Every structure is written in C-alpha cells, then in structure tokens.
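This briefing walks through one protein chain, topic by topic. Keep the sequence and the 3D view open while reading.

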Amino acid sequence: MPFRVLSATFLRTAVLRKDWPPPPDAPEFAFVGRSNVGKSSMLNAMSRKNGLARVSNTPGRTRALQFFALEIQPAGSRKVTQIRFCDLPGYGYAKVSKTEKAQWGGMIENYLREREPLRAVVLIVDGRHEPQPGDHEALAFLRSTGRQVIVAVTKMDKLARNKRIPALRAAEKAMGLPAGEAIPFSAVEGTGTEALWTRLAEIAG
Ligand SMILES: Nc1nc2c(ncn2[C@@H]2O[C@H](COP(=O)(O)OP(=O)(O)O)[C@@H](O)[C@H]2O)c(=O)[nH]1
Ligand SMILES: [Mg+2]
C-alpha cells in the first residue's frame, strides 16, 4: 500500500457557502456522480473506514455537501499530509422537483467553480452501463470550470473478468479520454484505491 490513512473523520455538512469549512491548507478533492453510483462506498474504501460516508440503497438522499478530513502518510515516510474529501449530492435522480433540482445544481456548481482549496474532482461512472447523459453533462461542466478531472469507473466487480477492460475502454472512448486514463474501481473488491490514492497524492504534492 503506497499510503497509510492515519485518520478519517466526518467534518460537516454544508448547503450554503457560509457553511463550507474555512479554506484549510489541506488540498480538497470532490467526488461527483449519479445517485447510487457508489460515491459514498468509494469514500469509505478510500478512507478504509466503513460507515464514514453513509452508504444507501435509496438514491438521492444526500442533498448537502459532506466534508471529511483525512491524514495520510506515504509508505516509508514520516511526512503526514492533511487532505479533505467532499461528497457531493448525486445527479440524475428523477424524483425531485425542478425547483429543487435547480437549487441543488446551484449549490454544487458554486462549490465546483469557487471552492479555493479544491484541487481535483473525481467523476464516478458505473462500469456496467454506457456513460449516461448526466455523466456527459457533468464532465462538460467540470471541463468548463477548468478543474482537473479524474474519471473512476466503479462497480467493476459486477462485470465478468473478461468484460472489465472492454467496459473500461468503452467508457473512456465515450467520454473522450485516452485509453488508460480512467481508474477501474470496486468498493466491494477493494480494487482501484491504490491507483486513485496515487493520483490524488501526486496532485496534492
Ligand atoms: N457491487 C458493487 N456495489 C457497489 C459498489 N459501490 C457501491 N455499491 C452499491 O451501490 C449502492 C449505492 O452505493 P452508495 O455508495 O450509497 O452510492 P452513492 O449514492 O453514489 O453514494 C449500494 O447498495 C452499494 O452497496 C461496488 O463497487 N460494487
Ligand atoms: Mg452517497
């Protein structure tokens, strides 16, 4: 394991900008994706702490930004790095009103545009399906903010082994990414955490 997670704690929930945690020195990473794609499960797998972020079978229940504070340590090093994660509400959930969707979108877009310590955004897509219109919209929006985007393809464990690489390449192609760019992930099998940590740590410096 290239990194040890020394601690991972829930920091706070925020809807309004005034509730965002004060800009820390710590680099921040946000996780976005469709409702139920596996964002909370990915946060738990990354922090090696089940139950840190709530995992739900009911889509669309997390309607605020959720901030987490982590301390990581590269293997063989004494240096401890503080980072933060932000779990964003999922998109593509049908059962909310238009007004609610607009408020919701506004909250997320403001954060993604204006959050000062935000260093990169992890866009999570489901390996079992073609990227959905919402995924393409999210990627286009993220590109428009100029943020660094890391695409992770999750639930790979649900695919037969010989279907995994083809699904990964298909997702990359559909999203206009070079082959090898997306990170295959499974919260169930625990795969992809090292690759994603390596990418985040490079960005965090
Ligand atoms: N098989 C499998 N199921 C997953 C994986 N990640 C999440 N899930 C399941 O997908 C559902 C939604 O997960 P959750 O993390 O709450 O998604 P979120 O809405 O994006 O935060 C839950 O039933 C999880 O157990 C994965 O990598 N593999
Ligand atoms: Mg969630």
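A120 has Q148 of β6 opposite to it. This pair belongs to a model that is predicted.

- Besides the pair formed by A120 and Q148, V121 has V149 of β6 opposite to it.
- Of the 7 residues of β6, 5 are buried, so the rest of the structure largely encloses this strand.
- In a regular strand, side chains alternate between one face of the sheet and the other.

**A closer look at V149**

- V149 is a residue of strand β6.
- Is V149 buried, partly exposed or exposed? V149 counts as partly exposed, because 18 other C-beta atoms lie within 10 Å and a residue needs 20 or more to be buried.
- V149 and V121 are 28 residues apart along the chain, and 4.9 Å separates their C-alpha atoms.
- Leaving aside residues up to four places away in sequence, V149 touches V121, L123, L139, L142 and R143.

**The chain as a whole**

- The chain holds 5 helices and 7 strands.
- Read from the N terminus, the order of elements is β-β-α-β-β-α-β-α-β-α-β-α.
- The chain has 205 residues, and 33% of them are buried.
- Among contacts in the chain with a separation of 6 or more, 75% are between residues 24 or more positions apart.

**The sheet**

- In what order do the 7 strands lie in the sheet? The order is β1-β3-β4-β2-β5-β6-β7, in an open sheet with mixed pairing.
- β1 (3-14) and β7 (183-184) are the edge strands; each has a single partner strand, so one side of each has no neighbour in the sheet.
- β1 pairs with β3 in the antiparallel sense, through 10 bridges.
- Within this pairing, T9 has A69 of β3 opposite to it.
- β3 and β4 also run antiparallel, and 7 bridges join them.
- I72 has T81 in β4 as its bridge partner.
- The hairpin of β3 and β4 has 6 residues between the strands, and G76 in this hairpin takes a positive phi near 75 degrees.

**The nonpolar core**

- The largest nonpolar core has 44 residues, and those touching the most other members are A30, F31, M42, L123, I124, A152 and V153.
- At least two residues of this core come from each of β2 (28-33), α1, β3 (65-74), β4 (81-87), β5, α3 (133-145), β6 and α4 (161-174).
- β5 supplies the largest share of this core, with 6 residues.
- A30 touches C86, L88, L112, L118 and V121, when residues up to four places away in sequence are not counted.

**F185 and the end of the chain**

- F185 sits in the loop that runs between β7 and α5 (193-204).
- Is F185 buried or exposed? F185 counts as buried because it has 28 C-beta neighbours inside 10 Å, where 20 or more are needed.
- F185 and M42 are 143 residues apart along the chain, yet their C-alpha atoms are separated by 8.3 Å.
- Not counting residues up to four places away in sequence, F185 touches M42, A152, V153, T154, M156, T191, G192 and L196.
- The 12 residues of α5 should span 16 Å at 1.5 Å a residue, and the end C-alpha atoms of α5 are 16 Å apart, which agrees.

**The shell around ligand 1**

- How many residues surround ligand 1? There are 19, and the closest are G38, K39, S40, S41 and A187.
- Helix α1 (residues 39-47) gives the largest share of this shell, 3 residues.
- Sorted by class, the shell around ligand 1 has 11 polar, 4 nonpolar and 4 charged residues.

Technical notes:
Residues numbered from 1 in each chain as written. Chains lettered and ligands numbered in written order. Predicted model: local features only at pLDDT ≥ 70, side-chain atom pairs only at ≥ 80, totals over all residues. Helix = DSSP H or I, 4+ residues; strand = E, 2+ residues; numbered from the N terminus. Buried ≥ 20, exposed ≤ 12 C-beta atoms within 10 Å, placed from the backbone. Contact = placed C-beta atoms within 7 Å. Near = placed C-beta within 6 Å. Nonpolar A, V, L, I, M, F, W, Y, C, P; charged D, E, K, R; others polar. Pairing = 2+ DSSP bridges. Core = buried A, V, L, I, M, F, W, Y, C linked by C-beta atoms within 7 Å. Expected span 1.5 Å × (residues − 1).
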